[in-house]
Amino acid sequence: MSKKSPTNTGTPHHRVRIVLVFSMVALLVIGGRLFFVQSLNASAVAATAVKERTREQVTIPKRGQIIDSKGRILATSVDRYDLVIDQRKVEPERTIARKKLDGSSGGEKVTVEQAVNELAEILGQDVDVVRTAVVGAPGAKPNANSVVAKGVTPEVRNAAMELRIRTLTGQLRSERLYPNGVIAGPLLGFVKNTDDQTALEGAEGLELSQEKRLKGTPGSKTYEIGADGVRIPMAGMSETPAVDGQDVVLTADTDIQFIAQEEARKKQQQFNADWVAVTVEELKTGRIIAIGDSNQLDPNDPSATEAEFRTSAAITQAFEPGSTGKVATFAAAFEEGVIKATDAFKVANSYRINNEVINDSLKHPTYDMTAAGIFARSYNTGTVMVGKKLSNETRYNYMKKLGIGSPIDLGVSGASKGILAPWQDWERRQQYATMFGQGYTQTALHTSQIFQAVANGGVLIEPKLIDSYVNADGSVEKTPESKTRRVFSEKTSKEMLRLMETVVLEGTGTKMGVSGYRVGGKSGTAQAAGPSGKYDGYTSSFAGVAPLDDPQFVVTVTMHRPKGDWKTWSVGDTFSEVMSKTLNAYNVPPSNSKPNGYDVFIGSEQKKSW
C-alpha cells in the first residue's frame, strides 16, 4: 500500500463537509441579518428609505402690490419660470413619446433633436444655443442643473413642458414689475434677489420699509421621488400653503404725482439745479397726494439712476429753508401777542444787533413798514426786529412743535430729520439766523408740514402716505389716523393766512397766483452749505396754500443749487401749475370772496421800490 502525500489535507468527503459548514454559517449570518432588517428593524429601514426618497420644496408667496389712492397698480409681482434640465438624463439617441402638439388625437414619437428645434422656436432663441443648454457641449461634462432659459412666462413654460423633453422643468420665481415706469419711482424704491436667489426682497424706498408687509409667509410641499429624480405620482404629499404678502395702498394720486414730478423735472432743467422736489398735501387730513422728484427713477432699471437720487429728495435731503422759515417766527410772535400785523417798524437795509450786522439781499431805502409788509417783502432786518421780541427758548419750542429737527415717518426708508441745535447752543449770530430760516435744516416735507399746521387753524396733522393694507383674503387693515397737535390758535392761523396772501398780492410771491382762487404762501432763498461746510450755493423755494377762503391743499416747490443769476430764479410757475391742476382735479370750487391782504407800508402810499 502506498503512503499518503504529505500535502494531502484529507479525503474529498472531509473537504466537502468543511465547505458545507462554512456555507451554513454564512447563510445563518445573512439570514439573521435579513431577519433583523426585515422583521425586527423594518420600521427603521422603511423610515430611512422614505427619508432618502422624500423631498421638501419651499413655496414662495406672492409679493404684495403697491397701489395708489384710486386703485391703480404702481408695483406688482408676476409669475415667471426658469427652464432647467439635467443633461445627464437627456439621452439624445432616445425618442420622445408624447401627445400630438397639433391637438389631434393619438401620440407621436420624435427625436430629441426635433424637440430641441421646437423648443428654440418657442423661446425665440438660436437653436445651437438651446441644443448646448439641453444636451451639453460636445466633450463637456454633463450639467445636472443646466439653465435653458430664464424668466419665461407661464404660457412659454407650459408650451415647453408639452415637448416632453426628459427632466426639463420650470422653476417658479417671482418678477417685480412697475407698470408706470418712473411715476413715483423714488417713493416706491425697488427690489433685489435674496441671497439664495429664490425670492425678492426690498432694497430701497417703500419696497424696503414695507418689506414685512409685502413679502408674505413661505409655505412648503413634501413629496417622494423615484430613482430618476421625478416625483412619484401615486405617493402622498403634504403641503403647508404660502400666505401671500399684503398690498400696500397709498394716499398718493398717480395723476397728480405725474404732474408734480414732470413740473419738477422741467424746473430742474431750466436752471440746471441739482434737484427739484414738489410736494402736494391735503391740508385738512395730512394725506400726501404727491411727492415729485426731478431726478427720476425707473424701478424696473434702478441702476440707470445715480445712487443719491434713488430715494426722494423731498424726504431724504435736508437744507436751510431760508425765508419760508419766517413763517415760524411770525406765527410764534402772533401767538405770544408781542406783535400785530399792522404794527409799525422802521426797516433799513442793514440792522446791527449785539455786534452782529443783518443785511437784506437787495439794498433798499429805509421804510416805515407794517409787520405784514416785512413778511410780504421778506426783509431779514425787519424779521429780526420781530423775532427779538421773543426769547430764544420760546422760538425754539415753537420750532420743535412744528416738527423741525424731528423725523417725519411716512413709512419710507431714509427720512432725514434735519438739524436743529438746542437753543442753549445757538451761537451769537445763529440765534438771529434762525429767525429767517438759516442756522438749521429741514426737508421739503417739513416745509409742507409747517404750512399745513399754520393754515389748518393752527392744528398740525402728521403727514400720511400709507392709507391701508389689504390682506391675502381681501380684508382691509386701515393704518392709524394721523396724530394731531395744536401748535397755534385759530386767531394766529387767520392772521398768518392774511400775511401769506399779502405775499402773493404785494410781496415776493406775485407770480404764484392761481386764476380764480385766493392763494397765500411764502418764498425763500437760502445759502446752501457744500461738502466743506462753506456756503457755495443756494436753495430757492415757495410754499403755498389754496383756496384761502377754505384751504384744501399745500404745495411746496424746492429747487436746490440752481445755476446762473439768483435774481432770475423763480419756482412760481411750477407752484401755480401744480396747484391749479390739483384744485381742478379735485373739483375745488373757485374762491367766492375778495382778497384780504394787509398794507405793506405805513401811510397811503403802497407802491414803493424794492
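Where is the place of Asn587? Asn587 is found in the segment after H18. The legends below describe close-up views of a predicted model.

**View 1. Asn587, in the segment after H18.** Asn587 is not a glycine, yet its phi is positive, at about 55 degrees. With a relative accessibility of 66%, Asn587 counts as exposed.

**View 2. Helix H9 packed with helix H18.** H9 covers residues 254-271, and H18 covers residues 572-585. The two helices pack at an angle of about 170 degrees, and their axes are 10 Å apart. That angle makes H9 roughly antiparallel to H18. On the H9 side, the contact is formed by Ile256, Ile259, Ala260, Glu263, Lys267 and Gln270. These residues meet Asp573, Thr574, Glu577, Val578, Lys581, Thr582 and Ala585 in H18. By type, the contact of H9 with H18 divides into five nonpolar, three polar and five charged residues.

**View 3. Thr582 in helix H18.** Thr582 has a relative accessibility of 0% and therefore counts as buried. Its side chain reaches the backbone oxygen of Val578 at 2.7 Å. Leaving aside residues up to four places away in sequence, Thr582 touches Ile256, Val280 and Phe553. Among these, Ile256 belongs to the H9 side of the contact with H18.

**View 4. Phe330 in the largest nonpolar core.** This core has 59 residues, and those with the most contacts inside it are Phe330, Met496 and Leu499. Helix H11, residues 326-335, gives the most to the core, with seven residues. Apart from residues up to four places away in sequence, Phe330 touches Ile339, Ala371, Ile374, Phe375, Thr383, Val386, Met496 and Leu499. A second, separate core has 34 residues, including Leu214, Ile291, Leu297 and Phe319. In soluble globular proteins, nonpolar side chains tend to be buried together.

**View 5. Helix H13, residues 380-387.** Eight of the eight residues of H13 are buried, so the helix is largely enclosed by the rest of the structure. The buried residues are Asn380, Thr381, Gly382, Thr383, Val384, Met385, Val386 and Gly387. Thr383 and Val386 are among the residues that Phe330 touches.

**View 6. Helix H16 packed with helix H17.** H16 covers residues 444-455 and H17 covers residues 490-506. They pack at an angle of about 115 degrees, with 8 Å between their axes. H16 contributes Phe451, Val454 and Ala455 to the contact, and H17 contributes Ser493, Met496, Leu497 and Met500. Six of the residues in the contact of H16 with H17 are nonpolar, one is polar and none is charged. Met496 is also one of the residues with the most contacts inside the largest nonpolar core.

**View 7. Ile419, in the loop between helix H14 and helix H15.** H14 spans 392-401 and H15 spans 430-433. Ile419 counts as exposed because its relative accessibility is 57%. Not counting residues up to four places away in sequence, Ile419 touches Tyr440 and Thr441. The C-alpha atoms of Ile419 and Ala318 are separated by 8.1 Å, although the two residues are 101 residues apart along the chain.

**View 8. Backbone geometry at Pro547 and Ala184.** The peptide bond from Ala546 to Pro547 is cis, and its omega is near -15 degrees. Pro547 lies in the loop between strand S24 (535-546) and strand S25 (553-560). Ala184 has a phi near 65 degrees, a positive value in a residue other than glycine. This residue is found in the loop between strand S7 (169-177) and helix H6 (185-188). Ala184 is buried, with a relative accessible area of 6%.

Technical notes: Residues numbered from 1 in each chain as written. Predicted model: local features only at pLDDT ≥ 70, side-chain atom pairs only at ≥ 80, totals over all residues. Heavy atoms only, no water. Buried < 20%, exposed > 50% of the residue type's maximum accessible area, 1.4 Å probe, protein only. Helix = DSSP H or I, 4+ residues; strand = E, 2+ residues; numbered from the N terminus. Polar contact = N/O pair within 3.5 Å; in protein donor to acceptor, adjacent residues only side chain to side chain. Contact = heavy atoms within 4.5 Å. Core = buried A, V, L, I, M, F, W, Y, C linked by side-chain atoms within 4.5 Å. Axes fitted to C-alpha atoms, helices over the stretch in contact; angles between N-to-C directions. Nonpolar A, V, L, I, M, F, W, Y, C, P; charged D, E, K, R; others polar. Parallel < 35°, antiparallel > 145°, perpendicular 65-115°, else oblique.
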